[in-house]
Amino acid sequence: MKKIEAIIKPFKLDDVKEALNEMGIKGMTLTEVKGYGRQKGHKEIYRGAEYVVDFLPKIKLELIVEDSHVDEIVECIRQAALTGKIGDGKIFILPIEEVVRVRTGETGNQAI
């Protein structure tokens, strides 16, 4: 099993969610996060004062999937989140040792 973490632009969430639903993905965890990379934030003016916004709003999606589906899910997320501009995000793939469903006690792939 693998954990896929994807950091994407907030306005691309619906596109990514729809694409994953079409693939049959049953669930995911979503977190609103802030961060920066090459974008390095931007300057804004509020009530006449200029200030720098270093951390930009992003969405972090987390999915636990079977090893055999990782490549197609990563490509699905990448295509749906793509704008072609800096700040499109990153996708991380991490190994998962075990999963346990709290309600039933099921483990492994049955718990996903």
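E5 sits in strand β1, residues 2–8; strands are DSSP runs of E with at least two residues, helices runs of H or I with at least four, numbered from the N terminus. This is a predicted model: local features need pLDDT of at least 70, side-chain atom pairs count only at pLDDT 80 or more, and totals for chains, interfaces and linings use all residues. Residues are numbered from 1 along each chain as its sequence is written, and side-chain values use heavy atoms, with hydrogens and water left out.

**E5**
- E5 has a relative accessible area of 14%, so it is buried (under 20%; exposed is over 50%, partly exposed in between; 1.4 Å probe, protein chains only).
- Leaving aside neighbours within four places in sequence, E5 is in contact with K60, L61, E62, K90, I91, F92 and L94 (heavy atoms within 4.5 Å).

**Largest pocket**
- The largest pocket holds about 480 Å³ of space.
- A pocket is an open set of points on a 1 Å grid over the protein atoms alone, where a 1.4 Å probe fits, with protein on both sides within 12 Å along at least five of seven lines; lining residues have an atom within 4 Å of a point.
- A volume is the space filled by probe spheres set on the points, which are joined across faces, edges and corners.
- Its lining counts 20 residues, with I25, K26, I64, V65 and I112 nearest the centre.
- β5 gives the most to this lining, four residues.

**Second largest pocket**
- The second largest pocket holds about 330 Å³.
- Among its 14 lining residues, G37, R38, G87, G89 and K90 are closest to the centre.
- β2 gives the most here, with three residues.
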